[in-house]
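I opened my notebook to go through one protein model. Here it is.

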Amino acid sequence: MSLRPAERAALLLWLCAARKLDPDCCSSDDQATRNLVDAALSCIDNGAKTAAVDVVADDDISPYLLRIADALCSLGQNKPDRPIELAAAEALLRQIADFVGDFDGESSITGERGRTASGILELAGIIEARIRILIDPTNRLIREIPSIFYVTAFSESPQELAPFRMNGGTNISCSPRVVTLVFKFEGITSLDLWHLAYTLHHELVCHTFQGAFGGNGLRNAHASSHWTEGWMDTVARDLVLEWLKHGEAPINWLPLRGDAAEAAVWSFHNSRYEAPIGLKKDQILSRSRAREACRALSDILSACGMASSVDEAKELSRKFSLSVNSHAHADFKRLDSLGANLRVALLNRVREEIAVEAARACLAFISHKDLTKLEADVSSIAQG
Ligand SMILES: [Zn+2]
């Protein structure tokens, strides 16, 4: 369900708290500082709750956020060491109050106005730009295609999201393609922001750009698609982890770093392979095997000297995956058949030469880009 004005105000406040006031990211262990940060958090929490009464229309949001910003401003005003977290949260609220009244200030990088109006579009735009360049480094073909809309929604069954606070979904059967982010708003922390970053990577890498070089109106991949939810999800996970480890993720959105952030990414990723809702046992196994095969490709490229380093092997493997997934004739059913043969070949532990041949066929695809040839090559390799 789309956001009502009061829900939108509450989400903006909770996101602000997660980005700027999370005790896990506090700049100081000093008790006085922590007390002030706690007081600021309570102020935002109360504000998010009372928005249900005070915010009736979209026009109410901006003045309401400014009121909370003023309240934050008065906290610790006379103290010489006012925590930087307070100033940062206040500044962010004032900045958000500016753009909520002006929808034109919020736009996707394709120039279309997103419908999320939750501020998340900024993070989505950063990730979308990252994926577009990875798929098309020359930035010629898909700079504006496909056009993507982002929608933020409030979960009416938050128990379905548990133990997390969010999930995503993508529809590529329409134009523009639509990415929907579903939340349980209350209590969002900096840890949940990594789940948001993961979800955006997953939706874009696995779904939104599937068949991106082709036309519109594609079939949406089923949850049982092991290529989409296993192989490509592994590509998405690695991208998030590299973003974190290389320090490239925007600190303004993702203040939590180090082991805690890495653990957040892993727990979200692993949950998709442990007991995903609605999947049968054999479908879960296929998803896990697809993840294993994706990893095997870069291992083989590296071990057999087809790449000069581990990093280059990972890059080639990613290039192959993104290239196949975004191919003009890509369709999840077709990719699942290809993925099934790739699994058989790349995970062949008895006849290693079969795995190496399959890796060579993947490498060749990066140059010839002929999906039919790749399918035929991998099928005949898999049959031995
Ligand atoms: Zn998915």
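Predicted model: local features only at pLDDT ≥ 70, side-chain atom pairs only at ≥ 80, totals over all residues.

I started with pLDDT, the predictor's confidence in each residue, from 0 to 100. The protein chain has a mean of 89, and 93% of its residues reach 70 or more. I found a pLDDT below 50 over residues 102–116.

Next I looked up helix α9 (residues 281–303) and helix α12 (residues 352–368), which pack at about 95 degrees with axes 10 Å apart. Helices here are DSSP runs (H or I, at least four residues) numbered from the N terminus. Axes are lines fitted to C-alpha atoms, for helices over the stretch in contact, with angles from 0 to 180 degrees between N-to-C directions. So α9 and α12 are roughly perpendicular (65 to 115 degrees).

Which residues of α9 make the contact? I listed Ala296, Leu297, Ile300 and Leu301; contact means C-beta atoms, placed from the backbone, within 7 Å. On α12, I found Ala355, Val356, Ala359, Cys362 and Leu363.

Then I checked Trp243, which sits in helix α7. Is Trp243 buried or exposed? It counts as buried because it has 20 C-beta neighbours inside 10 Å (buried is 20 or more, exposed 12 or fewer, partly exposed in between). Leaving aside neighbours within four places in sequence, Trp243 touches Glu248 and Ala249 by the contact rule.

Key. Residues numbered from 1 in each chain as written. Helix = DSSP H or I, 4+ residues; strand = E, 2+ residues; numbered from the N terminus. Parallel < 35°, antiparallel > 145°, perpendicular 65-115°, else oblique. Contact = placed C-beta atoms within 7 Å.
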